[in-house]
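The stops below are meant to be selected one after another.

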Amino acid sequence: MPQGLKTEKILQQSEETSPGFLILGSLILMSESMKFNICFTECTRKWLFQSRKGLVYCVDKVKGIRMPLNDDQNSDSDSSRLSESTASSSDSEYSRQSFNSDSSSKPSSPASASPPKVITFDELMAATRNLSNWTLAHEIAVNANFCIKHEDYPQNSFAGTVKQIVHKAFWDHLESELNEDPPEYEHAIKLFEEIKEILLSFLTPGANRIHNQICEVLDTDLIRQQAEHNAVDIPGLANYIINTMGKLCAPIRDNDIKQLKATDNIVELLRQIFRVLDLMKMDMANYTIKSLRPYLWHNLVDYERTKFQEILEETPSALNLTTEWIKESIEDELSSISDGSSSSPGADCSSKPIISPTLVLNNGYLKLLQWDYCKTIPETLITDEVRLQELREKLNQLKVIACVSLITNNMVGAAIVDVPDFADQLKRISFPLLEGMNKKSFDLKEALNAIGVQICSAVNKSLSERGLPTLSEEMQSNLMGQIAHIVEKNNPVCSLIDKRIQLFMRSLLALPSFQKCMPTMPGGLSVIQTEMEFLGSQYASIVNFNKKVYGPFYANILRKLLFPEAAMEKTEAETPSN
């Protein structure tokens with residue numbers, strides 16, 4: 001769409017009152033300086049004041065990116081750069097405004113109190129940019145499916161209505177100008193000028209031949225002179241643009257180029273050219289993301305730590321939730337030690353318990369597998385929030401399957417002992433029925449009843465095939481009842497399986513290298529061993545990388561919480577020198 005009439009600015013103005021709008025801005029990717037920018041929703045800004053959620057990102061994959069050709073291969077594009085930026089002009093329009101932060105701690109002392117700090121709008125936007133760069137770089141590096149996806153607004157939404165009205169008004173006005181006698185070409189010339197800039201943005205610095213050709217054919221000064229004599233060959237210019245787009249586009253856009261060549265109406269043709277150019281910009285952004293990923297991965301630890309330090313300097317409260325998370329883990333560990341010492345008559349209750357910082361951190365990470373994600377996650381884990389939530393949901397599903405397997409084996413184990421693939425049958429029955437079990441609308445009890453019925457049917461079928469008597473009505477009723485009771489709070493079978501899953505994950509975090517060997521699978525989990533090892537690997541990878549990046553921040557917090565006297569002495573020793 002023409003730059004002057006883009007509806008994104010209108011939507012950004014409505015964003016404060018309508019945070020439900022998902023506004024994904026253009027992406028600036030510069031591999032030399034590793035600068036990233038993305039347009040965030042109101043949720044991200046609220047995070048700076050300890051509210052909720054973070055990055056909006058897309059995971060759909062654009063297939064078949066065409067590797068650009070060099071000058072000798074009739075196309076001078078072998079990489080990409082983007083021509084649009086992320087509506088950054090609004091960052092400086094209100095620089096005199098300020099916000100009061102509810103921050104109460106400094107980066108060096110997240111748990112200590114200090115007077116509220118006044119944050120200017122510029123400082124807030126700088127923190128927002130650091131947050132976007134931090135989360136975006138992490139997502140590009142760790143998520144192989146990360147890409148920019150074209151999303152249009154729903155037709156009946158406010159945003160969709162505004163876009164439709166503005167677009168129609170522009171193109172109707174252009175059509176009326178071209179139909180005048182003599183035609184008015186000024187707006188059309190501006191469109192060709194913008195198309196030229198977009199095409200040039202797809203080229204690399206060394207693509208001189210096609211660069212000169214585009215500048216020569218789409219020379220706006222020459223087109224204006226032709227317009228004065230009513231000699232502009234708009235169809236010829238459009239045809240050249242389409243052919244050039246065909247050389248530069250990804251294979252996935254070949255059908256769009258064919259449709260452009262079949263369009264006769266010149267106004268509709270220009271409109272569709274801008275639509276396809278937007279798609280090509282998205283493809284180029286995704287190609288650049290793919291090219292950047294290996295470089296980012298090798299430098300990600302230092303980059304993320306530096307970016308988070310910049311956020312901490314701009315927003316001193318950015319470790320408050322992390323501090324609370326670690327403090328809760330310490331309290332849980334102290335409570336566990338206290339319970340253990342009370343049960344040991346010879347224990348010395350007067351001595352101060354010694355707590356391992358590593359154990360505290362690992363316990364904190366384990367709590368994330370049972371985290372209520374309606375609450376705000378610790379700041380240092382916000383980049384992996386979606387992945388951790390998905391892990392929790394998959395583990396909940398596996399826990400139910402393990403419970404069903406344990407109950408079935410205990411009640412009818414003799415009937416299925418000679419069926420080697422019964423565990424696989426049980427999973428094939430359970431997985432589809434438990435799909436989406438973490439949604440609020442999901443009825444777990446109904447799903448468990450259905451699983452019980454199908455398991456009874458599978459067992460009876462197996463018994464019949466082997467010429468054995470089927471399960472009695474009473475046995476089937478008891479089996480289905482036990483399975484249905486899994487949904488109850490504090491169900492003993494469910495509690496047992498949950499403790500064993502926690503034990504496996506705890507053992508996994510204690511290993512120096514989980515890639516070399518997995519911990520022994522606790523009893524009762526053999527039915528889900530393959531799935532548990534796969535999820536455990538993902539979980540351990542997230543935790544180990546998080547420790548690498550934020551280890552210095554965690555060490556500082558743990559030092560203050562576990563050894564407050566030493567931390568106070570260090571602070572007092574540093575004060576005179578400062």
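Predicted model: local features only at pLDDT ≥ 70, side-chain atom pairs only at ≥ 80, totals over all residues.

Residues are numbered from 1 along each chain as its sequence is written, and side-chain values use heavy atoms, with hydrogens and water left out.

**Whole chain.** Colour by secondary structure: the protein chain has 19 helices and four strands (DSSP runs, H or I of at least four residues for helices and E of at least two for strands, numbered from the N terminus). Of its 578 residues, 45% count as buried (under 20% relative accessible area, with a 1.4 Å probe and protein chains only). Among contacts (heavy atoms within 4.5 Å) between residues at least 6 apart in sequence, 73% join residues at least 24 apart.

**Helices α5 and α10.** Select residues 186–201 for α5 and 266–314 for α10; the two pack at an angle of about 20 degrees, with axes 11 Å apart. Axes are lines fitted to C-alpha atoms, for helices over the stretch in contact, and angles run from 0 to 180 degrees between N-to-C directions. The angle makes α5 roughly parallel to α10 (under 35 degrees). Now show side chains: Leu191, Phe192, Glu194, Ile195, Ile198 and Leu199 of α5 meet Leu270, Ile273, Phe274, Leu277 and Lys281 of α10.

**Helices α12 and α18.** Next select residues 357–367 (α12) and 529–562 (α18), which pack at about 125 degrees with their axes 10 Å apart. On the α12 side, the residues in contact are Pro357, Val360, Leu361, Asn362, Tyr365 and Leu366, and they meet Tyr539, Val543, Asn546, Lys547, Tyr554, Leu558 and Leu562 in α18.

**Nonpolar cores.** Stay on Tyr365 and Tyr539: together with Ile455, they touch the most other members of the largest nonpolar core, which has 93 residues. Such a core is a set of buried Ala, Val, Leu, Ile, Met, Phe, Trp, Tyr and Cys residues joined through side-chain atoms within 4.5 Å. Which residues is Tyr539 in contact with, leaving aside its neighbours within four places in sequence? They are Tyr365, Leu366, Leu369, Leu388, Leu391, Met505 and Leu509. Finally, select Tyr185, Ile189, Phe192 and Ala207, which are included in a second, separate core of 42 residues.

Notes. Buried < 20%, exposed > 50% of the residue type's maximum accessible area, 1.4 Å probe, protein only. Parallel < 35°, antiparallel > 145°, perpendicular 65-115°, else oblique.
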